[in-house]
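Morning, everyone. Please look at the screen while I talk. I'll go from the whole chain down to single residues.

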Amino acid sequence: MEILMATVIAVLTSCGVYLLLRGRTFPIILGLTLLTYGVNLFIFISGRLNPGSSTIIGVGEQYADPLPQALVLTAIVISFAMTAFVLVLALRARAELGNDHVDGRISVEDVKS
């Protein structure tokens, strides 16, 4: 199970970094989203996978750690606000500049179409 989670985290992080290096704003937004998913999953998994453990209130000899869950909940709220801000910023830049390039330059593909 740990190898599967490590692979999922690695794929999410690598795809997020790849999309962050693109020159357009929409892939950057998707890259930030994938990167936050990877980091959230990493933080959540850092609390260890205990399938037989109970929550704070319950009967059991092992208890689940609530700190990673609280950190992930906070990170989800922050990433949602960041994604909304970057999306509005990208839409405003698209309206002002007429294209969606990060640096505002016109590429060869935009000239052809």
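Of the 113 residues of the protein chain, 22% count as buried. Buried means under 20% relative accessible area, exposed means over 50%, and partly exposed is in between, with a 1.4 Å probe and protein chains only.

A word on where this comes from. This is a predicted model, where local features need pLDDT of at least 70 and side-chain atom pairs count only at pLDDT 80 or more, while totals for chains, interfaces and linings use all residues. Residues are numbered from 1 along each chain as its sequence is written, and side-chain values use heavy atoms, with hydrogens and water left out.

Now the layout. The chain has 4 helices and 0 strands. From the N terminus on, the order is α-α-α-α. Helices (H or I, at least four residues) and strands (E, at least two) are DSSP runs, numbered from the N terminus.

Next, contacts, meaning heavy atoms within 4.5 Å. Take those in the chain with a separation of 6 or more: residues 24 or more positions apart account for 52% of them.

On to helix α1, residues 2–20. Its 19 residues should span 27 Å at 1.5 Å a residue, and its end C-alpha atoms are 27 Å apart, which agrees. The expected span is 1.5 Å times one less than the number of residues.

Which residues of α1 are buried? They are M5, I9, L12 and G16. These cover an arc of only 65° around the axis, so they sit on the same side of α1. That arc is taken from the directions from the helix axis to the C-beta atoms. The buried residues of α1 pack against α2. On the other side of α1, I3, L4 and Y18 are exposed.

Now α2 (residues 25–45) and α3 (residues 66–97). They pack at an angle of about 175°, with axes 9 Å apart. Axes are lines fitted to C-alpha atoms, for helices over the stretch in contact, and angles run from 0 to 180 degrees between N-to-C directions. The two helices are therefore roughly antiparallel, a term for angles over 145 degrees.

Who makes the contact? Among them are I29, L32 and F44 of α2, and L71, V72 and M82 of α3. The contact residues divide into 13 nonpolar, 7 polar and no charged. Ala, Val, Leu, Ile, Met, Phe, Trp, Tyr, Cys and Pro count as nonpolar, Asp, Glu, Lys and Arg as charged, and the others, Gly among them, as polar.

Last, I76, in helix α3. At 42% relative accessibility, I76 counts as partly exposed. I76 and Y37 are 39 residues apart in sequence and 8.5 Å apart in space, C-alpha to C-alpha.

Note on methods: Angles under 35 degrees count as roughly parallel, over 145 as roughly antiparallel, 65 to 115 as roughly perpendicular and the rest as oblique.
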